[in-house]
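Welcome! Have a look at the sequence and the 3D structure below, and then we will walk through a few features together.

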Amino acid sequence: MLADWLYIGIFLIISLFLPSVALIVAGILGPKKPNPVKNSTYECGVETFGESLTQFKVQYYLYALVFLVFDVEAIFLYPWAVAYQVQTVFYVVEAIIFVLILLFALWYAWRKGALEWV
Amino acid sequence: MTADFATMLSAVFPEIGLVVLMVVVLGLDLLWRDERVRRLGWITAAGCLFLVVLSLVFALPPAEPLLIWGGMLRLDAAGFVFRIVFLLGAALTALFSLGQDDLQKHGEYYGLMLVSTLGMSLMASAADLIMLYLAIELTSIPLYVLAGFRFRDDKSVEAGIKYLLFGAMTSAVMLYGLSLLYGFSGTTQIAELAEQIDRHSVPVSLLVISLVLVLVGFGFKVSAVPFHFWAPDVYEGAPTPVAGYLSTASKAAGFAVLMRVILTGFWAVTPIWMDLIAGLAIVSMTVGNLLALTQTNIKRLLAYSSIAQAGYILVGVAAGTSFGMSGAVYYLMAYLLTNLVAFGVVSVVGQRVGSDDLSAYAGLSRRAPAVALILLISMLSLGGIPPFAGFVGKVLVFAAAVEAGRWWLALIGVINSIVALYYYLIVLKSAYLLRSEDEQKPLQLMAGWRVALLVCVTGVLVLGVVIAPWFEWAGKAGWALSIY
């Protein structure tokens with residue numbers, strides 16, 4: 001048990017050691033000739049503009065929420081589908097109710113205009 | 001004892017009914033989208049009352065507590081009594097919300113209230129730590145939204161955010177405590193916790209750490225000092241019916257889980273939790289009452305009063321006996337009706353006068369004698385004056401404390417009740433003695449408000465005069481909580 005953890009510890013030390021050595025050695029040995037072009041921020045060949053913290057439309061959030069509901073629904077249906085062979089009618093009814101509730105939620109979101117891009 | 005499928009299904013009929021009712025309310029809101037949505041309050045209230053009938057018919061608890069749904073829920077008198085308390089609370093709150101267009105015109109308002117009621121109902125009958133935690137979250141999350149429901153009103157938003165931050169924080173701490181409890185015992189079944197902890201001979205110090213962490217979460221829910229800081233701000237900012245709901249049903253749910261978990265999970269450290277709860281009771285009563293003395297906003301005053309009331313109920317819990325639990329349950333029933341009617345009057349006056357200051361109550365006895373009389377009854381009941389419900393509740397919890405040999409706790413409680421009378425009477429003084437310029441203008445009451453106020457006041461009187469049948473149920477609930 002302890003030996004297993006020892007390996008992890010050794011790898012951890014090596015993985016911290018090697019990159020830091022590479023960075024430090026490069027920093028010491030490399031030539032340093034800064035100029036304005038080199039120091040400027042580089043983003044895909046285009047000059048950056050504005051702040052990096054910009055405002056996003058709140059509707060992304062709504063979309064994400066609606067998406068999440070159905071994402072989770074899919075995950076919940078996987079174990080149900082795997083156990084399909086041993087199921088009784090009760091489990092099928094349960095799953096149908098589950099999906100119906102989520103469908104109701106979709107209808108709700110739709111009618112409330114959550115799916116419209118304003 | 002295991003149950004067959006039909007019993008299990010009929011035991012959760014009221015919960016299924018709550019989901020169906022929520023779907024109906026939200027669906028009607030989507031279909032109507034016009035003036036007719038104002039009827040949703042009535043539909044919610046009627047639906048909740050129907051569910052009360054449904055639980056009386058189908059979900060009556062058996063003589064022996066029964067574990068159902070794979071040990072997730074426990075069918076017993078405690079869960080039953082609390083469920084009826086929550087359903088009544090939701091119905092009355094829905095009626096008090098009528099006439100407030102920023103609330104009643106949104107189907108979500110009633111939908112969220114029903115979801116939170118569902119959560120409370122599951123909280124009260126949860127028999128598994130995971131179920132318990134899920135139910136607590138199911139209760140809390142809609143309540144965070146409801147507290148901030150007036151999203152154009154800064155105070156309401158502040159209330160919502162404050163409640164969310166406090167709730168999330170204490171919930172995390174409580175979850176840590178519950179996870180420790182699971183770690184000690186290797187089971188999430190509340191009924192097996194005591195036995196497993198005994199078998200693994202868990203050190204007392206570790207159990208006490210877990211106890212303190214769990215008490216943080218429950219203390220927040222019941223707004224006991226020192227976890228009470230959210231209460232005045234949230235009650236003041238939240239829409240008044242929501243504040244009433246928070247201070248009664250949500251608090252009752254907190255007490256239900258508190259009693260269930262500490263009685264069995266912390267069986268091994270019973271004397272320690274008794275002392276801790278007694279300490280919480282003393283500081284809650286004292287701090288709540290002293291801070292209430294200087295309030296001029298009635299919602300803040302009632303918030304501090306509800307903190308003090310949580311202290312009185314904790315006196316019953318601190319007794320640790322079956323009688324103490326029964327007293328606490330009775331107190332909670334009485335408190336639900338009394339405080340709901342108090343917040344109901346505040347809601348009515350707030351709507352018609354447009355202010356929650358004590359000065360708004362000047363001349364109330366001339367403008368609306370019936371409302372003033374109802375306020376009088378609720379304030380005297382909160383203060384513990386016979387023949388109202390609050391008096392019986394206080395007698396029971398103090399008697400339980402004396403019986404358990406904690407007479408000093410009862411003594412502090414009685415002294416606090418006398419202090420509390422001062423600020424309850426201040427409210428009545430504004431209503432009855434102070435004059436105002438608007439005395440000639442009578443207050444117009446909506447039909448829904450009249451019904452709700454009348455039901456509450458009748459309940460306060462009935463619980464205060466005809467004690468035996470209700471105490472029998474409270475006794476059964478207390479008994480069911482204390483046996484495992």
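## A residue in chain B

Let's start with B:A370, which is partly exposed because 14 other C-beta atoms lie within 10 Å. A residue is called buried if 20 or more other C-beta atoms lie within 10 Å of its own, exposed if 12 or fewer, and partly exposed in between, with C-beta atoms placed from the backbone.

Where does B:A370 lie? You will find B:A370 in helix α17 of chain B, residues 369–383. B:A370 and B:L453 are 83 residues apart in sequence, and their C-alpha atoms are 9.9 Å apart in space.

## About the model

This is a predicted model: local features need pLDDT of at least 70, side-chain atom pairs count only at pLDDT 80 or more, and totals for chains, interfaces and linings use all residues. Residues are numbered from 1 along each chain as its sequence is written, while chains are lettered from A and ligands numbered from 1 in the order in which they are written.

## The shape of chain A

Chain A has four helices and zero strands. Helices (H or I, at least four residues) and strands (E, at least two) are DSSP runs, numbered from the N terminus. The radius of gyration of chain A is 27 Å, well over the 13 Å that the globule rule gives for 118 residues, so chain A is more spread out than a compact globule. That radius is taken over C-alpha atoms, and the globule rule is 2.2 Å times the number of residues to the power 0.38.

Of the 118 residues of chain A, 0% count as buried.
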